[in-house]
Amino acid sequence: MLKRVLILGGTAEARALARMLIAETDVEAIVSLAGRTAAPADHGCALRVGGFGGAAGLAAYLADERIDALVDATHPFAEQMPRNAESAAARSGVPLLRVERPAWSAEPGEAWIETTSLAEAAATPPSGSRLFLAIGPESAAPFASRGDVWCALRRLEPTDLPFPLPQGRWVIGRPPFSEEAERALFRALRIDMLVVKNSGGDRAKLGAARSLGLEVVMVARPARRDGAARVETAAAALAWLRRRGG
Ligand code: NAP
């Protein structure tokens, strides 16, 4: 029997899985967040916030809290936490599942400039470009050396922090966004290039860019060791947990 499941979150998949577990099973779900936002979204279950102190800290948490299964539903671009999850699960003998939504592929009419790093993405736009950076403020540093381009940088919550790039402004917004709203935003800001991580999921900004004829710079996902069992959706994660007695 599975009694307690820890979900490493920060994604729509983590929220959906927590809600399904609460609504459809007797499993107690705890969602863990890194603490990047001041007002976390309601997950319908217990939340814990902040790092564990590396893989050893996570392994200690799994033991102390008597966790029966660990679901790593962190973002496709989270680099450290999936490694920590694998190491902690192996150390403590707790079964581990990775939930990772499929990457986007270019649809007919879309021609992306594909890059393998944010540094390469930052080197791509021609001088004088007006960029929409949908990469998260934590990933914007490579654009700091581009004093010759203007950048709109989206973040989830308002901030008093100074804008970190030479030219541009914050755009505040929490997904989901409609394609129509994205189109209106790109038009109002006179954007000519969208820079985006290949996170997968909702395609609203890609659809808006295509309809406006904007160039898209697509940053590929980080390479992964394939240690953990893996599914693509919250529903498939629920099925995996059920097969283990959830
Ligand atoms: P990361 O590089 O994998 O993690 C860095 C450190 O942050 C981890 O070593 C861990 O600290 C802590 N951490 C990360 N996720 C955590 C979680 N769910 N619960 C508790 N601690 C966590 O991750 P990141 O790229 O900085 O992303 C941080 C969070 O934002 C993740 O939860 C991710 O799902 C979410 N997110 C990331 C992106 C992105 O583009 N990277 C986009 C959207 C959402 P300790 O070693 O101390 O445990």
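A polar contact is a pair of N or O atoms within 3.5 Å. In the predicted model described here, a polar side-chain atom of S32 lies 2.7 Å from a nitrogen atom of the ligand; this pair falls within that cut-off. At F52 the backbone is involved: one of its polar atoms is 2.7 Å from an oxygen atom of the ligand. The ligand has 800 Å² of accessible area on its own, and the protein covers 76% of this area.

The shell around the ligand is formed by 22 residues, of which S32, R36, F52, M81 and K197 come nearest. By class, eleven of the shell residues are polar, seven are nonpolar and four are charged. The largest contribution, three residues, comes from α3.

The strand β2 belongs to an open sheet of six strands, which are arranged in the order β3-β2-β1-β4-β5-β12 with parallel pairing. At the edges of this sheet are β3 (46–49) and β12 (229–231), each of which pairs on one side only. Neighbouring strands of the sheet are turned by 25° against each other on average, with direction ignored. Between β1 (residues 4–8) and β2, the parallel pairing extends over five bridges. S32 in β2 is the bridge partner of L8; S32 is also one of the residues that come nearest to the ligand. Helix α2 (residues 54–64) lies across β1, β2, β3 and β4 (69–72) and runs at about 155° to β1.

Another open sheet of six strands has the order β6-β11-β10-β7-β8-β9, and its pairing is likewise parallel. Its edge strands, β6 (112–115) and β9 (168–172), each pair on one side only. From one strand to the next, the twist averages 20°. The parallel pairing of β6 with β11 (residues 215–219) comprises four bridges. In this pairing, W112 stands opposite V216 of β11. Helix α6 (residues 204–212) packs on the sheet and touches β6, β7 (130–134), β8 (150–155), β10 (193–197) and β11. The direction of α6 makes about 155° with that of β10.

How values were computed
Residues are numbered from 1 along each chain as its sequence is written. This is a predicted model: local features need pLDDT of at least 70, side-chain atom pairs count only at pLDDT 80 or more; totals for chains, interfaces and linings use all residues. Side-chain values use heavy atoms; hydrogens and water are left out. A residue is near a molecule or strand if one of its heavy atoms lies within 4 Å of it. A polar contact is a pair of N or O atoms within 3.5 Å; within protein, one must be able to donate a hydrogen and the other to accept it, and residues adjacent in sequence count only if both atoms are side-chain atoms. Accessible areas come from the Shrake-Rupley method with a 1.4 Å probe; for residues, only the protein chains shown count as cover. Helices (H or I, at least four residues) and strands (E, at least two) are DSSP runs, numbered from the N terminus. Ala, Val, Leu, Ile, Met, Phe, Trp, Tyr, Cys and Pro count as nonpolar, Asp, Glu, Lys and Arg as charged, and the others, Gly among them, as polar. Two strands pair if DSSP finds at least two bridges between them. Axes are lines fitted to C-alpha atoms, for helices over the stretch in contact, and angles run from 0 to 180 degrees between N-to-C directions. Contact means heavy atoms within 4.5 Å.
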